Every structure is written in C-alpha cells, then in structure tokens.
Amino acid sequence: MNTRLSLGVAAVVLAATFAIATVALQLVKKSMKASIENEAFARLSAIANTVDQKFVSRRILLETFADSVKTNDFPDAATLQAFVEKHPSLRKAFSNVAFFTADGDLIASLSGAQQPGRVNIKDRPYFQQTIASKASVISEPYLNRLTGLAQIALTAPVLDAAGDVKYVISGAINLKERNILGELAEVKFGQSGYLFITSTEGGVIDHPRTERVINQTGLKGVGNPEIERPMEGYEGAAEGVNHAGVHGLYAFKRLRETNWVMGSMYPSKEAFARVDAIERSAWIGAVVLAMVAGAAALGLVRRQLRPLTHLHRHMLDVDNPALETAGPRTYPRDEIGDIARTFDTLMWQRKSSEKFLRDITDNLPAMVSHVDAQGRYTFVNAPLCKKLDRGAAQLIGREAQSFGEDDAAMKAAVERVLAGEAVSFERRGDARRGEQDRYFQTELIPDLDKAGQVRGYYAMTSDVTERKRIEFSLAHSEAQVRIIADNIPALVSHVDASLKYTFVNAQVMALHRERAMVGRSMPEVRGPDDFAIVAPAYERALAGETVVIEKAGDAALGIGERTFKAHYIPDQDANGVVQGVFAMTFDITDEVNIRKALTAQEKRLRDVTDSIPALVGYFDSNENCLFANSRARRMAGLGDGPLDGVTLRKAVGKAVYRQQRPYLPLVREGKSVRFPVQAPLYGKTGYFQVNLIPDMDAEGNFVGFYLMTFNITALKQAELRQAESEMRLRTITDNLPALITYIDRDEKITFANATYREWMGVDPARLLGRHVSEVAGEELYLSRKAMIARALAGERVEFEAKTRTKDFDRTTRVSYVPDIGPDGVTRGIFSLSLDISALKAVERQLIDLARLDPLTGLSNRLAFNEYLPSALARAQRSGNALAVLFLDVDHFKTINDTFGHATGDGVLVEYAKRLLASVRSTDMVARLAGDEFVVVLENVHTREAAVAVARKIVQQIGTSAFELDGQSLRVTTSIGIAFHQPTDAAVTDADLLARADAALYRAKSAGRNTFGFSD
C-alpha cells in the first residue's frame, strides 16, 4: 500500500512537476527574455542620450566659438589663424577645427594654416546646408580630401553685421578613432557584444571593426527584416543574425541630433545563457523532486520552502549597504538557488544601471533629489552634495534641507506636493560674501504609487540667476518706457466702460495737482461742468466711434485761455466689444493762433491783390478760373458771384485769347512768360502787359498758372500807381511775419523788410547793397548757392531751413521767386522766409503719435498698413522671401473677464515685451487691435526660418508665467504664418494678412499654443 501510495504520489508529483515546470519555465523564460531585451534597450537608450548630449555640447562649443569670432571681427586670415591656435583645448572635442569662407575656401585651421586656398569644400552638402540655413549642421560621413580619413563634421556659421554668413566653422571628428562614442565605446554587452552606429541608408558610422566605417555594410541588405526595420524608424530590441551569421539580441535607438541609428549586438548565447542554465537546472530539480516525493513529500516541501524564506529576507535586505557581503553568496543547486543567483545578477545589473543614471544626474546643471513621505533624502546627486557640503552617504536618510531665504515658502510647497500637486517656484539663495544674490527655481513632482498614494517627491533645483538678472533689466527698461510716456507733450488717459480711470500719464496727474485718479469716475474727478462738455464725445466713443473735438480748457484748472484738441479712441476687445476709451489731448493754442493769423494774412493778401492796379487771376491746368481780383471781375463783367464755368477764353475774350495762346505751352512747361497784348479801351486801342506764372507742385507737375495783366496805356499813370502800390506793399511786407528780401543778379540785397529788425536785431537799411555771403555768412551762403543760381536761372525754388534768430532757432519755409523782366531775363530774386516752427512741431507730434500703440509702445495698425506694402516691394526687388505672422493671446477674453482689464493690459504689455525679445531688431512688430499682433519677417530664405521664429515666440510666451500684481498667469499664444516668395503669384498686402489670419484660426482649431501655415 505504501509502495503503491509512494509510487502514486511520485507519479502525481512527477506529472504535476513536469506540467508546472513546463508552463512556469516558459513563462519565466519569456519574461526574463523580455526583461533582458528591455534592459538592453534601456542601456542603449541611456547611451544614446549621452551621445546626443555630446553632440549638443560640441554644437554649443562651436556656436560659442563662432560668437567669439563675430565679436572680435578679425581683419584677415593671419589674425584668425592666431586666434584659432590659442584654443588647443578644442582638440578634446574635435580632431580638427577649421574656418572656411562663404565660398568654401580654407583660411584657418587648428592643425595649422599650411593649406589655405588649396582646400575648398563648397561642393560638400553639409557646407551648402550651413550657408542656406545659417544654422549649425551635422554632416553625413565623408572622406577627408587631405588625409583620406573617414570623418563627420559639425558646423557653425559666423554671421556678419548684415546677417550674412562670413565664415563657416567646421569641427571634424575621425570615425575610425571612435571619437563619437569616446569612453562609451568600451561598454560591452556580455563578453563579445558591441555598440555600433549606422546612417538611415545603412552606412556604418561607428563600429568596433573600423574597416567597416563609412562603407555601405550596415544593417541594410542582411536579409533579416527584424534588423532592417530600424532603418524605417523602429526603436526597440529584436533578435537577428549579423553579417558573420552570429545570432544575437539587437537593440536600436535613434539619435535625436543626427537621425542616425545606434545599435547594440548582444550574442544570444551570452544574453540568454542564464535563462538556459535556469531551464536545465529546473528540469534536473524536477526529476530529483519526483524521485524522493513518495517518502518525504512534506519534509521535502518544508525543506524546499526554507530557501525561499532566506531568499525573501535577502530580497528585503538587498538595498541595505550594511548587510552586503564582501564576496558572492552561495546557493543550493536547485530552482530556488537559480532564482536567487538570477536575482543577484539582476540586482547587480540594476545597481550598474543606477550608477550609470547617477553619473548622468551628477553631470546635470541642476540639484536633483528624492525625498520620501517622512521628509528624508533617499537620493541626492553630486551638485546637491556640493551645495550642502556633504557626501551622499551623509545625506541619505537625513531630513531634507532648504538652502534659500524663504523657509516658509519651501514648507508650503512641500505640503502641496505631498498632497499630490506638482509645484514650481522661485526663491533667493544664500549669497557668499562679496558675491551677488543668486536665484533658484525648484520643481517638486509627487512620487505616486500604483494606488495613487504619495510616497515622496522628486526635487530639481536650477540656478536661474542669469534669467532673473535679465528680468530685472527688462523691468528697468519698462520703467524707462514709462518715463518716456510721461514726457509725451499730451494728456493721455484711459477709462473703462463705466467711465472710471484706469490709466493717466504724468501730465494728467500734474494738471489735477497729483490727485489720485485711477479707480475714480470722470464726473467725480473733472467736475460736472467740465464733464458735461466731453460726455457726448465719450458716449460716441463707447459706441465704437473715434471722435475728435476741439474745446477750451477748464478754467478751474487754470487753463481756460488755452485751446485743446482731444482724440477719443474706443478700446475694443477681440470680439469688437468696446471695453473703454483712450483719450489723447493736445494743446493746440499755438496752432489755433497760427490759423487765425493765416486767415488774417489771407484777407490782407486779398486786400493787396484787390488794390494792385492790375487784373489778377488764377487758372487751373484746364484753364478754368479759380480766382480773380475785383478789377479782373469788373473787367470781365463777372461781379462778385461764383466763378463756375468761367474759362480763360471767356474771361479775356476771343481776340485777347488769340494773342495769349502762343505763350500757354511755355507756361505748361513751367516757364514764366511776359508779353504785351492789345485790347479795346474806352473806344480806343489800349495796351496791356500780361504775365503768366506757372504753378508747379512739389514733384514739378504743372497744376495751373497765375495771370497778371497791367494797363500800360498811360505810362506815367502806371508809374504813379506803381509807386503807390510799392508803398502799400512795403507796409504789408514790413508787417508780415516773414523775412522778405530782393536779391539782384549780382547776389546783392536791394530790399529787406522790417522783420529783419524783429527777428535778427538788424536794421534792414544796413543790409542794402551787401552781398548775400556777407549777411548770411560764408557757410550758409555756400549751402544755398546752388539754389540761388537756380532761381537766377528763372526757376522758382522752395525749401525748408533752420534760421537762427536773436531769440531762438526757427523752422522756415524759404521761397526764391525769380523776377523775370519783359525780355525774359531774370533781374533778381524775391526771397520769402515764413516761420513754420509751430506747425512743424505739431506735425511731428501728430505723425509720431498716430503710428504708435499707446499701451505697448509698438507700431499700430496705421504704421503696419504703411510698412507691409513697402516690405512686399522690397522682397520683390531683392528676390528674398517674406513671412507675415498673425498672433493673438489665447483665451484673452477669459483673462479680462476673470482678472479685469488692468490685468489684461498688463498681459498685453508683457506679451509685447516677450514678442520683441523673440525677433530681430530689424523685424516689424505691431499691435493691430485688442490682443491681435503681427510680425513681418523680411529676408527669410526658407519656411523653416519662419517656423523657428514662431516656435521661439510660442516658447518665449508660454515657458514662464506672467507675474502681474502678485498674480502668476500662464499665458499662451497662437500664430498664423503666411509665407510669400517673390516667385509666387502676385499678392497684395491685404491678401497676405488675410492668409495669416486664416492660418491663425487653423492654429486655434489645432488646440492653441501652436502655429500653423496658410497653405
């Protein structure tokens, strides 16, 4: 019975053991293979990341070196060669560093300048890409033309002041010296495994067998689809066969910086040797177990379970350094022993991986740690140990420390992260004696278990001192902008829809005697009487209309005698809803006075013309009469009525017109003519002298002519009338606010009005008979000599000039009118200098203010509408592409509705600053309306250049929060890009802006915080 029972138990145990062992071993084998594959891929990924970082470091090194070359601006190749030779440390990163001109000629090299002019790389693709993109490039493998060595090159452009490529720096890396992997080339996968790098075309870039480097003997063409898949983008681990027919475990990872494929080959016999050993040992153990199961099943089970207890205790103590043994542990040769040995192996591999990861974190420019839920360190990297001046062993298990000034803020952040919230904050660190304060940004990330419970947190602290210094500098610049705004000669303010002040500049504050105005209503601040005057204008502006009014000043403020022009501009949001009103008020008292003076002057001039003993008229280019003095009207029988339909032929009659017609073509050519005509006079023949004077615009186009006709029938009477007329003219000219002189053909002054005494403090009589150079000075005379010569040649000359008077410098409009005699010879020049200083000042202010956005200081829609057509024309002439970026602030209405319009304005101001910081100083940046902005990029060569700018703007806006009045706002932006090349179909500025607008809505539809193209 016992025998049968033993045999039955043995049979059952044997069958169960074989069944369980078969299933379990297959699962374990599959799981361990997957674990080994994952481990191989993880190791390869870490190595790939390190290689990528090496490329980034080398790229940054070359770009920094390029910046140094650009700053020094070396005049010739010799000084450049000397500069290069002063940096032998570059050999630590490159086999050689060389400088090439934009034409590809070698001019300097770290290996010496023995070959300048003899080497040209203009045909190298990587050189052409660097010239085209003006950016760093990593080349495909190539053979050096001097040494024949297999190499790759990292390039960096050196730009001149115009933004063109002046030099190309090429850093060469010899592939057969395995310089890409460096010390990583010694990393082994098993005993005979190795690392390699190939291009996506199968070209070998790095391999332990250097004869394969640069040859097309990579992964393609080996006949194994699992091995060829990485060429198509696959990343991971797979089994395959190499060129030598060796089965191996392959892992593949793409290098981000080069798009090459990094691979590892781990021979299958070595990779899965432990799995095979475990399988064999398990089967032996199963057989032994079946043979002894009949008699000692219970004891055997108990005995077999005892190693599991030891293994469990060993697993619990594996991370305790105090319990580590000096040598390897010994285990029984059974399944449990195999598992224990496998566990020890995996733990050793895990610790090796942890060491590798620690090496990476120790070289990060940040302090990294992990703190458990009890606030004790479980991991610290080297920078944190250095900061705390302690070793990792001293810190692990100790309470986490704060090294900033604000411990309370740190405690609050820890409470939040332990509640499951990711926290990011900045704080000021302790400064050493003699050093400036330093600032740190800390990121706290909760460490959650599978159940979602917080078991600790990760902390990464970076030194952001340089960024803070930049922010402080920007704040200083903002203060300077405010100073400029406060010094604008205008009253600038903004009220919201409820007519409460939200902004006033310094001039408004000074006018109201520094009273607090922001937040108070207009009726309260200005008083009911003054508010009643402007209330209708504000109501129209709140209805969406731009209103301009002139009004007298408020006597209560001491400005009742002044006259002001006020511009009320509606402040509309993105939906066109008016949120308030901008008001800009200018003191135009001087302008009004000038207008009154001009009106009076015009009346005096009409009185003068009506008093001149001549027929005076003005005719347009079609010979229509636009003006006639009283004598001319009486002579033509027109009376005081309108001149509609009156032509030259009708006014003078057919007989006189026939005599005048031969001279009209000369007048149209811009020539003044004088000629006699005959006409009936009181039943007799009368004689008249006709003067036709052309009226030319600023561009020299004929727009009309003046007609002056003198009756010379009775010469004596004419002379008397002329003397009387000259006396009246002297009286008029002496009282005109202008310098009037007559200069004869010898350039001597024969007439000067009394204004010389008022302006210059000079008696006009002392000027008569003196040469112009004696009166004006040699320097001024030389500057006007050519214009005087033109006037003496019969040309009317007008220009603006600065005139120094005894009181101040005046801006004058100077007119040189030639005095042409009956014989057509110029006898002299009438010079008229009219003071237009006040008008020019007002003109300049209005031009400047009309083209600036008062909130952000950027160009406004008017300036943009003037700029874009010119930019399109320049792009067409130069053959360069142009891009228009249409931007707005994501969810800006929500910001306004939630935080108020003051915060919204602050967001727009900060947004404008970051936008300016993201583009070149030569790029056009404008605010169109609300939160709509545009950027015009000229001289861009590719769409990628526009993409780079758009990506930079998105990062600049969204990377760091907007700090406004103690609030931290996360703001993002969406961008629409319209890219136009001169070879494209002709496009208008409106079409280009519409395309950018459509692209903006496409970007918004894609989820915002991104950019999109119009096609």
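I began my entries on this predicted model with R668, which I found to be partly exposed, its relative accessible area being 37%. Its salt-bridge partner is E623, and I noted 3.6 Å between the closest N and O atoms of the two residues. I then looked up where the two sit: R668 belongs to helix α19 (residues 664-668), whereas E623 is in the loop between β22 (614-620) and β23 (625-628), so this pair ties together parts that are 45 residues apart in sequence.

Next I turned to E938 and R874, whose side chains meet in a salt bridge at 2.8 Å, N to O. E938 lies in strand β34 (residues 932-940) and R874 in helix α25 (residues 861-878), so here the parts tied together are 64 residues apart in sequence. I recorded E938 as buried, with a relative accessible area of 14%, while R874, at 30%, is partly exposed.

I also followed salt bridges that share partners, and I found that they join D888, D890, K1004 and R1008 into one network.

My next entry concerns R526 and D530, which form a salt bridge whose closest N and O atoms are 2.8 Å apart; when I checked the accessibility of R526 and D530, I found both of them buried.

To close the page I looked up the total, and with nitrogen-to-oxygen contacts within 4 Å as the criterion, the count for this model comes to 31 salt bridges.

Note on methods:
Residues are numbered from 1 along each chain as its sequence is written. This is a predicted model: local features need pLDDT of at least 70, side-chain atom pairs count only at pLDDT 80 or more; totals for chains, interfaces and linings use all residues. Side-chain values use heavy atoms; hydrogens and water are left out. Buried means under 20% relative accessible area, exposed over 50%, partly exposed in between (1.4 Å probe, protein chains only). Helices (H or I, at least four residues) and strands (E, at least two) are DSSP runs, numbered from the N terminus.
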